[in-house]
Amino acid sequence: MTRRALVVRGGWEGHSPRETTDLFIPFLRAEGFEVRVEEDVEVYADAATMAATDLVLQCVTMAQISGDALGGLRAAVEAGTGLAGWHGGIADSFRASSDYLQLVGGQFASHPGKPVAERAGGAADNFVPHTIELTDLGREHEITRGLDDVELVTEQYWVLHDDLIDVLATTTHPARDDQPWHRPVMSPAVWTRQWGAGRVFVATPGHAPDVLAEPTVRTIVERGLLWASRTV
């Protein structure tokens with residue numbers, strides 16, 4: 001039986017929603033998915049489409065969503081449709097919607113950048129060296145099993161979250177003299193979530209195509225997409 005993936009992309013263009021999702025569409029097709037691409041989140045309000053969808057790959061940073069569309073997404077995930085994505089495309093979507101934040105379980109708060117003295121002006125001021133470290137659960141989970149910690153130089157997400165998520169990897173923001181926090185702060189970097197009969201997968205790395213092309217990050221995302229896909 002053919003599985004169906006719905007790729008929903010848009011929002012802030014700084015996260016390259018078309019280029020990044022295009023990296024994974026061939027993978028989904030190779031895994032036997034029929035892929036439909038939409039650039040309007042209102043597709044979520046189409047109950048028939050959502051009921052027939054096994055996986056939603058969402059890359060929509062910020063943006064707005066109607067009550068009908070959000071209700072459709074929540075209902076579909078609760079009934080078994082998987083929801084997956086990376087970076088701001090899933091962890092910084094629909095900031096004004098508490099119901100969306102509850103569904104996903106974590107929300108981007110900040111990406112602390114370089115010390116002021118090291119900034120040259122431009123996006124790279126937000127790129128800092130950091131490690132994505134697997135948790136004990138991550139070393140056993142099918143998404144991340146057999147992988148190593150990964151060193152990145154890109155945005156390091158500080159995430160607000162709840163304890164219904166299963167954290168597969170973390171990243172730690174160091175205490176710095178130029179910042180107002182006074183001890184290291186650990187944030188989830190890769191997590192899963194069970195919501196009704198559905199599964200949610202989130203990876204915070206993914207600011208640009210080059211980050212998603214990093215072999216370990218790409219493997220985590222590919223495995224996460226398969227894991228999230230409908231199981232019932």
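**Rings, burial and a charge**

Colleague: What makes F94 buried?

Modeller: F94 has a relative accessible area of 1%, and buried means under 20% (exposed is over 50%, partly exposed in between, with a 1.4 Å probe and protein chains only). F94 therefore counts as buried. Y100 is buried too, again with a relative accessible area of 1%. Bear in mind that this is a predicted model, where local features need pLDDT of at least 70, side-chain atom pairs count only at pLDDT 80 or more, and totals for chains, interfaces and linings use all residues. Residues are numbered from 1 along each chain as its sequence is written, and side-chain values use heavy atoms, leaving out hydrogens and water.

Colleague: How many aromatic pairs are there?

Modeller: Rings of Phe, Tyr and Trp (its six-membered ring) pair if their centres lie within 6.5 Å; planes under 30 degrees apart are stacked, over 60 edge-to-face, and the rest tilted. By this rule there are four aromatic pairs.

Colleague: Why is the pair of F94 and Y100 called edge-to-face?

Modeller: Their ring centres are 5.0 Å apart and their planes stand at 85°, so the pair is edge-to-face.

Colleague: And why are F108 and Y157 called tilted?

Modeller: Their centres lie 4.5 Å apart with the planes at 45°, so this pair is tilted. Both F108 and Y157 are buried.

Colleague: How do you know that the charged end of R218 sits over the ring of F24?

Modeller: The rule asks for NZ of Lys or CZ of Arg within 6 Å of the ring centre and within 35 degrees of the ring normal. The charged end of R218 is 5.2 Å from the centre of the F24 ring and sits over it.
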